[in-house]
Amino acid sequence: MTAATQTLISLRDSHMATRDRAEDIRGCKVVDAAGKDIGKVEGLLIDEHQKKIRFLQVASGGFLGMGELKVLIPVEAVSKISGDVVHVDQTHEHIAGAPGFDPKLHAVGQRYYEGLYAYYGYGPFWGPDYVYPPFPRNR
């Protein structure tokens with residue numbers, strides 16, 4: 001296991017901030033490749049060692065926090081950001097089937113992240129050929 005996979009933390013739990021305020025997409029609406037509503041960016045999971053965002057923590061459904069589904073979406077899935085809307089290159093149905101995210105209930109570590117990357121069809125950020133995606137500026 002690499003040091004990076006051991007240090008993924010929520011941005012809100014760290015002493016860090018995004019370089020540019022426009023890059024802080026917490027609270028933004030998330031839509032799939034067809035424009036269908038997925039949910040809202042509740043948090044950003046960052047690699048404390050390399051200081052990069054690795055996953056969006058997205059909450060969808062439920063009422064007043066009850067019955068809400070929380071999933072992690074790799075930053076590689078972000079295809080565009082327009083205003084306060086984050087577009088991802090996955091379908092709503094595919095994201096709805098992703099492994100749930102609740103660090104209080106699940107062991108979250110390298111195996112979990114490997115499974116997520118495989119589920120979404122991306123190589124993990126600790127892989128030998130990994131290249132961090134450019135930030136998709138507002139268009």
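## Salt bridge between Arg26 and Asp24

Arg26 and Asp24 form a salt bridge, with 2.5 Å between the closest N and O atoms; the term denotes a side-chain nitrogen of Lys or Arg within 4 Å of a carboxyl oxygen of Asp or Glu. Arg26 is partly exposed at a relative accessible area of 33%, and Asp24 is likewise partly exposed at 25%. Here, buried means under 20% relative accessible area, exposed means over 50%, and partly exposed covers the values in between (1.4 Å probe, protein chains only).

The model is predicted: local features need pLDDT of at least 70, side-chain atom pairs count only at pLDDT 80 or more, and totals for chains, interfaces and linings use all residues. Residues are numbered from 1 along each chain as its sequence is written, and side-chain values use heavy atoms, with hydrogens and water left out.

## Overall architecture

The protein contains three helices and seven strands, arranged along the sequence in the pattern α-β-β-β-β-β-β-β-α-α. Helices (H or I, at least four residues) and strands (E, at least two) are DSSP runs, numbered from the N terminus.

Of the 139 residues, 42% count as buried. The protein exposes about 7,800 Å², of which carbon and sulfur atoms supply 52%; accessible areas come from the Shrake-Rupley method with a 1.4 Å probe, and for residues only the protein chains shown count as cover. Among contacts (heavy atoms within 4.5 Å) between residues at least 6 apart in sequence, 52% join residues at least 24 apart.

Side chains of opposite charge can pair when their charged atoms come close. The structure holds four salt bridges, and one of them joins Lys36 to Glu93 at 3.4 Å, N to O. Lys36 lies in the loop between strand E2 (29–31) and strand E3 (37–47), and Glu93 belongs to helix H2 (residues 92–96), so the pair ties together parts that are 57 residues apart in sequence. Lys36 is partly exposed, with a relative accessible area of 42%, whereas Glu93 is exposed at 53%.

A salt bridge also connects Lys70 with Glu42, their closest N and O atoms being 3.3 Å apart. This pair links distant parts of the chain, with Lys70 in strand E5 (residues 69–74) and Glu42 in strand E3, 28 residues apart. Lys70 is partly exposed at 29% relative accessible area, and Glu42 is partly exposed at 25%.

## Nonpolar core

In soluble globular proteins, nonpolar side chains tend to be buried together. A nonpolar core is defined as a set of buried Ala, Val, Leu, Ile, Met, Phe, Trp, Tyr and Cys residues joined through side-chain atoms within 4.5 Å. The largest such core has 34 residues, and Val86, Val88 and Tyr113 touch the most other members. Two or more residues of this core come from each of E3, strand E4 (52–60), E5, strand E6 (78–82), E7 and helix H3 (110–120).

Leaving out residues up to four places away in sequence, the residues that Val86 touches include Ile25, Cys28, Val30, Val31, Val41, Leu56, Val78 and Ile81. Lys29 and Lys80 are also among the residues touched by Val86.

Gln90 lies in the loop between strand E7 (85–88) and H2. Is Gln90 buried or exposed? At 9% relative accessibility, Gln90 counts as buried. Beyond its neighbours within four places in sequence, Gln90 is in contact with Asp32, Ala33, Ala77, Ile95, Tyr120 and Tyr122.

## Aromatic interactions

The structure holds eight aromatic pairs. Rings of Phe, Tyr and Trp (its six-membered ring) pair if their centres lie within 6.5 Å; planes under 30 degrees apart count as stacked, over 60 as edge-to-face and the rest as tilted. Phe55 and Tyr117 form a tilted pair, at 5.2 Å centre to centre and 45° between the planes. The pair links distant parts of the chain, Phe55 in strand E4 and Tyr117 in helix H3, 62 residues apart. Both Phe55 and Tyr117 are buried. Tyr119 and Tyr120 form an edge-to-face pair, at 5.4 Å centre to centre and 85° between the planes. Tyr119 is partly exposed at 27% relative accessibility, while Tyr120 is buried at 5%.

One aromatic cluster consists of Phe55, Phe101, Tyr112, Tyr113, Tyr117, Phe125 and Trp126. Elsewhere, Lys52 lies over the face of Tyr132, 4.7 Å from the ring centre; a charge sits over a ring if NZ of Lys or CZ of Arg is within 6 Å of the ring centre and within 35 degrees of the ring normal.
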